[in-house]
Amino acid sequence: MEKLITNLDPNLGATLREQLGENFQKIQNGVDGQSDSLNKQILDMLGDVPLQDKDEVTQARVDSSGKAYSTLKGRLDSQQSSADTALKEERAIGLEVEEARSDSSGETFDDLKSRLNSQESKIDNRIDNKLAQISSIPETFANLGALKNAYPNGRTGLFVTADTGHKYIWANGGWTDAGFYQAVGDNLLSGEITYATPFVAPYNDLDTLPLNKIITYATSDIKKVANIPNSLNSYIGGATVYTLSNDSNLAGSVQYFVGQDNSTYSRIAWGNPAVYSDWKPLGKTNLSFQRSNNTAAPYDDLNTIPDNVSITYVDNIQQIKNIPNDKDIKSVTVVKFGGVDGIGNVEVMTSAYDGKMFYRMTWYDSNKWQPWHSVADGNFYHGGKMVWANTAAPYDDLNTFPMNQTVVIAETPSTISAFKHLPPISSSVQGLTIISHSWSDSSIGGIQIAIDTDNIMHHRIAWSSDNNWSAWRSEKPEETYFYPTLSLFEKVGVIGDSYASGELAFDGHYNDHYEISWLQILARKDGFTGTNFSKGGISTRTWLTDSKCMPLMQSSDAQDLYILALGINDEALGTSYIGSEADIDNGADTFYGNYGNIIKAIQAKAPQAKLVIATIANSNDIAAKLNEAITTIANHFTIPVIVQLDDPLFNSSFYKDNMIGGHPAAPVYASMAEAFERLIGQSMIDHLDYYKTFKKDA
């Protein structure tokens with residue numbers, strides 16, 4: 001384009017108009033020339049391309065998908081909008097990924113992959129824990145109702161009901177029957193049990209059961225299985241059978257059958273080829289037959305029933321062979337005890353309605369039964385026992401003899417005297433037979449009858465609680481009631497407490513009234529002089545230290561007879577005070593030691609005197625221990641012991657119900673005088689050798 005005039009005339013005149021017109025023409029010519037030049041360049045570049053396509057702007061209005069826009073701006077605006085949307089979405093995805101790097105517990109991971117790896121590990125651990133809670137051994141219930149009651153809201157695991165043998169799982173909010181349970185593997189080793197149907201092989205025949213398996217038939221249809229024991233109770237509702245073998249060979253295998261009623265049988269496979277033997281019952285077997293006339297062998301004949309079984313024939317025993325000859329018996333139970341190789345078999349039959357009992361036995365030949373014998377009501381006792389000197393509990397104490405036994409004690413008098421709670425037998429008795437009888441194993445309401453070799457019968461009864469025996473009562477020959485009296489002695493002293501001092505308790509005041517003590521009542525009756533070396537509240541410990549008791553005994557004349565009656569107040573000192581027999585010699589501050597010191601002091605004062613020691617008239621636990629110690633002390637010093645509870649008075653309501661403030665009333669002291677004279681008089685009979693020497697060296 002030509003150069004334009006730039007030095008324009010400053011005067012606004014014709015010259016300026018000419019200059020401007022010239023410049024305008026130059027511009028127009030330049031534009032036209034430039035357009036021609038551009039068109040030529042386009043033609044050179046595009047050649048024969050149509051004019052419409054030669055328009056780059058027109059082409060730019062169409063996007064890559066073929067969509068045409070009215071203007072290029074429209075397309076560019078659309079692309080800008082798409083770009084903004086994509087950027088916005090990218091930003092949103094970025095935020096979502098960033099948020100996903102943090103779990104619900106607040107833990108943040110470096111990248112999403114790290115979180116996914118962690119979550120996968122946790123899920124694996126949870127699955128492992130859950131699987132660990134699922135036992136391969138099912139939990140068993142009696143029936144579906146019991147399962148629902150135990151887990152009404154479900155539970156993970158496998159559960160089997162014993163009534164059907166089916167397995168149940170919790171699914172969809174309820175218990176689902178998953179069919180019959182069949183365990184796999186070596187179940188004798190794993191502890192699993194196979195619940196079998198009795199109609200499917202090999203479980204329909206006990207001869208074909210797999211070796212080393214535990215098989216349970218949870219159905220009464222077990223009676224339809226082949227080769228079961230033929231003596232099963234007709235009411236049996238199932239059984240477990242286990243077959244043991246050392247390898248896969250049947251020979252030498254052992255099979256055990258345990259019925260739902262706990263009847264147990266065994267058999268063994270032997271030979272080549274191996275064959276199972278007959279079933280043999282193990283231990284106690286209980287059987288019941290509803291209809292005796294339909295009972296099959298061997299239970300249709302009492303000569304052929306197996307050993308060690310208890311059989312109940314419910315309706316009519318008269319249909320069974322070899323029963324007792326009694327047409328009145330109907331329903332019975334028969335118990336058979338097996339001897340050795342058939343020798344000494346015993347059968348006992350008890351009738352249900354009249355209580356009759358029959359028994360018989362075999363000897364030398366198991367096929368030859370002795371005749372049935374009947375037992376009269378009330379006269380049946382178990383076999384007796386001969387008790388020797390070394391017999392241990394319960395036969396060392398008549399209080400603990402078993403009920404419904406007859407026990408014979410055949411020993412020397414000195415050995416017999418070692419038995420506890422004997423009746424008041426003579427020192428010369430060579431033995432006695434004791435019958436203990438009760439309606440049950442408990443002694444409550446039971447009786448004991450003892451007859452000694454002097455042909456004297458003794459009896460007693462237990463009441464209220466077990467082993468709470470009353471005093472022995474003796475049915476003695478008339479002459480034994482002629483007791484020696486205490487008038488034999490001129491001077492008698494008593495070592496005792498308030499019960500030996502005539503103590504009375506009125507209005508909370510306790511006072512000793514020696515004049516009404518049982519000793520002074522006897523002194524007036526029998527004419528001897530009585531001295532009370534006694535005092536209320538005294539024990540064996542305080543008797544030695546009291547200002548009256550020991551000093552009075554030492555300062556008084558020697559007595560002919562000393563009666564020792566301490567112990568009531570020693571009960572309060574407890575069992576730890578009792579001590580042992582060794583304390584008698586070492587003089588320890590115990591019941592043994594202090595009572596020993598008292599006796600030694602008396603023997604030192606009056607070496608020719610006779611001594612007798614009395615037990616306590618109480619039956620509580622500590623009194624029983626003190627009475628045992630008193631008996632031991634008596635034996636240690638070889639002096640007689642009198643048992644207050646052997647006299648009827650001390651067991652009577654007259655004695656027990658007439659206490660005031662825990663002490664006897666005056667009339668009771670008078671009765672105690674009679675009781676002590678009876679006890680001491682019997683002591684002179686029972687220990688005659690001891691009293692025979694009275695006045696020997698006087």
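Biologist: Among contacts in the chain between residues at least 6 apart in sequence, what percentage join residues at least 24 apart?

Modeller: The figure is 46% for this chain. Please bear in mind that the model is predicted.

Biologist: How many helices and strands are there in the chain?

Modeller: The chain contains 16 helices and 33 strands. Of its 698 residues, 36% count as buried.

Biologist: Let us turn to the sheet with S28. In what order do its strands come?

Modeller: The order is S28-S25-S29-S30-S31, an open sheet of five strands with parallel pairing. S28 and S31 are the edge strands, and each has a single partner, so one side of each lacks a neighbour in the sheet.

Biologist: How many bridges join S25 to S28?

Modeller: Six bridges connect S25, residues 491-496, with S28, and the two run parallel. Lysine 491 stands opposite threonine 529 of S28, and valine 494 stands opposite asparagine 532 of S28.

Biologist: Is S28 mostly covered or uncovered?

Modeller: S28, residues 529-534, is mostly covered, with five of its six residues buried.

Biologist: Which strands does H8 lie across?

Modeller: H8, residues 518-526, lies across S25, S28 and S29, and runs at about 170° to S28. The buried residues of H8 are Trp518, Leu519, Gln520, Leu522, Ala523 and Asp526. They pack against S25, S28 and S29, and also against helix H15 (666-686).

Biologist: Which residues of H13 are buried?

Modeller: The buried residues are Ile622, Ala623, Leu626, Asn627, Ala629, Ile630, Ile633, Ala634 and Phe637. Viewed down the axis of H13, they fall within an arc of 160°, so they line one face of the helix. On the other side of H13, Asp621 and Asn635 are exposed.

Biologist: Why do residues three or four places apart point the same way in an α-helix?

Modeller: An α-helix has 3.6 residues a turn, so residues with that spacing point the same way.

Biologist: What do the buried residues of H13 pack against?

Modeller: They pack against helices H11 (582-586) and H12 (591-605), together with strands S30 (610-614) and S31 (641-642).

Biologist: Which residue caps the N-terminal end of H13?

Modeller: Asparagine 620 caps that end, with a side-chain oxygen 3.4 Å from the backbone nitrogen of isoleucine 622. Just after H13, threonine 638 takes a positive phi of about 55°.

Biologist: A change of topic: where is serine 428?

Modeller: Serine 428 sits in the loop between helix H7 (413-416) and strand S21 (431-437). The residue is partly exposed, with a relative accessible area of 43%.

Biologist: Which residues does serine 428 touch, not counting those up to four places away in sequence?

Modeller: Serine 428 touches Pro413 and Asp454. Its side chain also makes a polar contact with the side chain of serine 426, at 3.0 Å. Threonine 453, 25 residues from serine 428 in sequence, is 8.9 Å from that serine in space, C-alpha to C-alpha.

Note on methods. Residues are numbered from 1 along each chain as its sequence is written. This is a predicted model: local features need pLDDT of at least 70, side-chain atom pairs count only at pLDDT 80 or more; totals for chains, interfaces and linings use all residues. Side-chain values use heavy atoms; hydrogens and water are left out. Buried means under 20% relative accessible area, exposed over 50%, partly exposed in between (1.4 Å probe, protein chains only). Helices (H or I, at least four residues) and strands (E, at least two) are DSSP runs, numbered from the N terminus. The arc is that of the directions from the helix axis to the C-beta atoms. Contact means heavy atoms within 4.5 Å. A polar contact is a pair of N or O atoms within 3.5 Å; within protein, one must be able to donate a hydrogen and the other to accept it, and residues adjacent in sequence count only if both atoms are side-chain atoms. Two strands pair if DSSP finds at least two bridges between them. Axes are lines fitted to C-alpha atoms, for helices over the stretch in contact, and angles run from 0 to 180 degrees between N-to-C directions.
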